[in-house]
Amino acid sequence: MKVLITGAEGQLGTELKKVLDSHKVYGFGKEQLDITSPHAVYKCFKDIRPEIVIHCAAYTNVDGCESNEELAYEVNSKGAGNVAAGCLKIGAAMVYISTDYVFNGQKGQSYYEADEPSPINIYGKSKLAGERIVSSTLNKYYIVRTAWLYGINGNNFVKTMLQLSQSRKTIEVVDDQIGSPTNAFDLAEAIKVLAESDKYGIYHVTNSGSCSWFEFAKKIFEFAGVDIEVRPISSDRINRPAKRPSYSVLNNFNLKANLGYEMKPWGRALKEYIQSIK
């Protein structure tokens, strides 16, 4: 199978290239493919003729989206539309990577794929707009919502915590936002299973279980063998530009129901990741 990956140099794209090595994979970073250009996207797709496109490219700076709203929609919405249109023209299926931030976090329970999105920040709104363009353009699509992603390549919360621990004795981390940390490698493996099926639709894909950012940080230092004090604080103390949902845990219902596939617990996934980077 010919697979084309956008955003191939990011955390998820890097892992997808590894797990899809039994297929013919074409990976493009933002320097190689401008997804905001319909002409560039179509020319690339027409030349390669992939059977499936995994669209990882996105503007993921949540706070940056608040001050760069036009850019957020240009990349996350219009860019997704260009990729979907390119897929339609060549008959390819599409995997669109989305986010838990399409939900407002007020449900108080885990979100199912059928729950109505209601984002509270520009990042979530721009990604939801991308979802809707993809689903209205194509019949052969997978919308994959994930959360709290970390991987070998690029920056992420795990690496930030470990870097900060080298110069601090105490770290403050919010304890009033709950979600599911997700190892990019585990997400890539699940996407591989989806891409090799014809079970199209919306999927929530995160490592199982949930925690606060504070609990996440505590586990990072425990598994890394770092002795540091971690103090819980409220989100109000940080005053970041973008609002975050307080409870954005995703239920991987469709993944299990349609494919019988279960994700490993987030703690075990984190432990494996830290062992790999050490």
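**Group meeting: cores and loops of a predicted model**

Valine 83 touches Ile35, Val41, Phe45, Val53, His55 and Met94, leaving aside residues up to four places away in sequence. Contact here means heavy atoms within 4.5 Å. Before I go on, the ground rules. This is a predicted model, where local features need pLDDT of at least 70 and side-chain atom pairs count only at pLDDT 80 or more, while totals for chains, interfaces and linings use all residues. Residues are numbered from 1 along each chain as its sequence is written, and side-chain values use heavy atoms, with hydrogens and water left out.

Back to valine 83. It sits in helix α4, residues 69-90. Helices (H or I, at least four residues) and strands (E, at least two) are DSSP runs, numbered from the N terminus. Is valine 83 buried or exposed? Its relative accessibility is 0%, so valine 83 counts as buried. The cut-offs: buried is under 20% relative accessible area, exposed is over 50%, and partly exposed lies in between, with a 1.4 Å probe and protein chains only. For a sense of scale, take proline 265, 182 residues along the chain from valine 83: their C-alpha atoms are separated by 33 Å.

Now the whole protein. It has ten helices and twelve strands. Along the principal axes, the C-alpha atoms fill a box of roughly 55 × 40 × 35 Å. Buried residues make up 54% of the 278. Of the contacts with a separation of 6 or more, 80% come from residues 24 or more positions apart.

Next, the inside. In soluble globular proteins, nonpolar side chains tend to be buried together. A nonpolar core is a set of buried Ala, Val, Leu, Ile, Met, Phe, Trp, Tyr and Cys residues joined through side-chain atoms within 4.5 Å. The largest one here has 31 residues, and Phe45, Cys87, Met94 and Val134 have the most contacts inside it. Which elements each supply at least two residues of this core? They are α2 (38-48), α3 (62-67), α4, β4 (93-99), α5 (122-137) and β5 (141-146). Helix α4 gives the most, with seven residues. Look at cysteine 87. It touches Phe45, Val53, Ala92, Ala93, Met94 and Leu138, again not counting residues up to four places away in sequence. There is also a second, separate core of 26 residues, including Val158, Ala217, Val230 and Tyr273.

On to the loops. Which values of phi stand out? Arginine 49 has a positive phi of about 55° although it is not a glycine. Arginine 49 lies in the loop between α2 and β3 (52-55). With 43% relative accessibility, arginine 49 counts as partly exposed. Asparagine 239 also has a positive phi of about 55°, and it is not a glycine. Its loop runs between β12 (229-233) and α9 (253-259). At 67% relative accessibility, asparagine 239 counts as exposed.

One more loop residue. Threonine 60 lies between β3 and α3. Its relative accessible area is 49%, so threonine 60 is partly exposed. Threonine 99 is 39 residues away along the chain, yet the two C-alpha atoms are separated by 9.7 Å.
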